[in-house]
Amino acid sequence: MAAVTSRGSSPDAAGPVMPRDWVIDVHRVAAMFIVVLLHWLYLRLTVVDGSLVIEQALHGPVVWGLSWVLQVLPVFFLAGGFANTVVLDRTRAAGQEYGVFLGLRARRLLTPLVPLIGVALVLAAVAPAINISATGDIGEVFGNPLWFLAVYLLCVTCAGVAVSAHDRLGWWLLPTLLLGGSLLVDALRFGEVIPLGAARWSNLALVWLFCHQLGVLHARGVLSRRPPWAAIVVIVLGVAALVVMVVPGPYFPTSVGMADASVSNLMPPTSAMSVLAVVQLGLVTLVGAALRGWQPGSGARRRIRRLNAMLIVIYLWHVPAMAVATVLGLLAPQLLLPADEQTWWLLRPLWFLLAGAVLWIFVRSAMAWESYWHQFLARDVSGPVLLGAALGTVGTTTLWRVGIGWTPAALAASALVLLAVTLLTTAQRRTGPGRAARSVAGDPDVAVGTESASA
């Protein structure tokens with residue numbers, strides 16, 4: 001296997017190109033499963049006197065504690081940083097430009113957004129005529145989850161800088177700057193020096209780029225090459241730091257907003273998410289050490305690879321699936337949207353089956369679109385690729401803030417996304433599996449159509 005030349009004096013600079021880490025892939029799938037599960041439990045939708053009532057379902061000190069245990073977004077960004085580092089190393093080892101890496105990965109994030117925009121626009125147009133707005137504004141329902149896609153696009157775009165900074169300047173510099181920056185923003189926010197909006201935009205970048213950078217550290221083995229007790233020390237210190245930050249304050253007691261804790265550490269993200277990511281880095285390191293060399297069977301590898309390729313599609317459609325399941329629930333409210341709280345919880349398995357079936361239909365349709373789209377090669381020229389990634393990030397961020405709809409701002413943002421996808425795609429069709437395999441460079445997020453993510 002080709003090797004990547006060390007790009008600096010850091011002892012943790014890249015050595016031989018790493019094989020695929022199936023443990024990281026499983027972490028990503030499990031994290032997305034938990035995200036979907038919690039989102040489907042987050043709101044308590046009931047019908048009272050013929051009207052739909054929307055309340056937050058989760059509350060209480062026990063659930064406050066569980067919100068930290070089940071908060072998996074930091075580990076998802078960590079796993080993304082790991083995957084981006086491995087694929088970037090393979091791209092460089094193959095003698096390919098950065099545009100090859102970014103073109104494919106940015107397009108993989110943006111193409112699933114196109115059918116989502118189309119469906120949302122159609123529904124927004126017909127909703128007034130057929131009265132399907134019971135679950136709230138359609139544009140907001142489809143647009144709310146897009147913050148994650150926008151931030152992950154930013155992380156992917158900055159991956160080259162992140163990896164190079166680690167290899168050339170040392171593992172500690174960039175994480176220190178990012179964590180220090182988010183701590184400063186928190187101090188200014190809690191001191192009421194800056195408004196909440198400024199804290200949101202600053203920490204959306206600082207916190208999640210920090211989590212992504214921990215993935216670069218993990219790919220380079222900064223912690224995993226140390227004895228196991230080092231990871232345990234990191235976990236203990238991280239948990240202690242979280243306790244100090246949360247119990248006396250000023251950080252909030254939950255990782256997500258709840259019925260009895262409306263303000264949380266997630267939106268806007270605080271440095272508590274960064275510290276939680278450090279704890280999760282220690283846990284991922286221990287799990288990786290325990291399962292070092294683990295290789296699933298061929299069937300399991302195919303399923304894990306395909307699930308990883310579907311994660312963004314699942315994420316984009318799981319909230320619309322919940323909205324459709326709610327509309328269907330209005331046809332049988334006593335069975336799916338009961339007013340009694342105990343009955344509501346007892347019937348959640350039935351709700352999950354319905355929402356899961358709707359999500360399965362959405363995902364199958366969206367993956368058919370993906371298979372068609374990826375017949376065409378991704379662009380690999382750095383200039384157009386960087387422009388496409390930037391336009392896609394701006395368009396996605398705008399759709400998150402204004403919703404997907406027929407307003408001038410939303411239409412302009414949708415046009416930016418379409419332009420970005422066009423810039424990131426060539427008119428050249430794939431000529432065969434070999435050509436496809438070379439183009440993906442072992443990308444763990446690609447497993448549609450004839451493309452294969454070789455490990």
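**Entry 1: the largest pocket.** I listed the elements that each give at least two residues to the lining of the largest pocket: α1 (22-42), β1 (43-48), β2 (51-56), α2 (61-69), α6 (138-143), α7 (146-157), α13 and α17. The model is predicted; local features require pLDDT of at least 70 and side-chain atom pairs pLDDT 80 or more, while totals for chains, interfaces and linings use all residues. Residues are numbered from 1 along each chain as its sequence is written, and side-chain values use heavy atoms, without hydrogens and water.

Helices (H or I, at least four residues) and strands (E, at least two) are DSSP runs numbered from the N terminus. A pocket is an open set of points on a 1 Å grid over the protein atoms alone, where a 1.4 Å probe fits, with protein on both sides within 12 Å along at least five of seven lines; lining residues have an atom within 4 Å of a point.

I noted a volume of about 1400 Å³ for the largest pocket, volume being the space filled by probe spheres set on the points. Among its 47 lining residues, His39, Tyr42, Asn144, Trp147 and Leu266 are the closest to the centre. Helix α1 supplies the largest share of the lining, seven residues. By class, I recorded 30 nonpolar, 13 polar and four charged lining residues; Ala, Val, Leu, Ile, Met, Phe, Trp, Tyr, Cys and Pro count as nonpolar, Asp, Glu, Lys and Arg as charged, and the others, Gly among them, as polar.

**Entry 2: His318.** I located His318 in helix α13 (residues 298-329). His318 counts as buried because its relative accessibility is 0%; buried means under 20% relative accessible area, exposed over 50% and partly exposed in between (1.4 Å probe, protein chains only). Leaving aside neighbours within four places in sequence, I found His318 in contact (heavy atoms within 4.5 Å) with Val36, His39, Trp40 and Leu359. The side chains of His318 and His39 also make a polar contact at 2.6 Å, that is, a pair of N or O atoms within 3.5 Å, one able to donate a hydrogen and the other to accept it.

**Entry 3: backbone checks.** I found a cis peptide bond between Gly249 and Pro250, with omega about 10°, and another between Met267 and Pro268, with omega about 0°. Pro250 lies in the loop between α11 (228-246) and α12 (271-290), and Pro268 is also in the loop between α11 and α12. I then noted Glu192, not a glycine, with a positive phi of about 60°. Glu192 counts as exposed because its relative accessibility is 73%.
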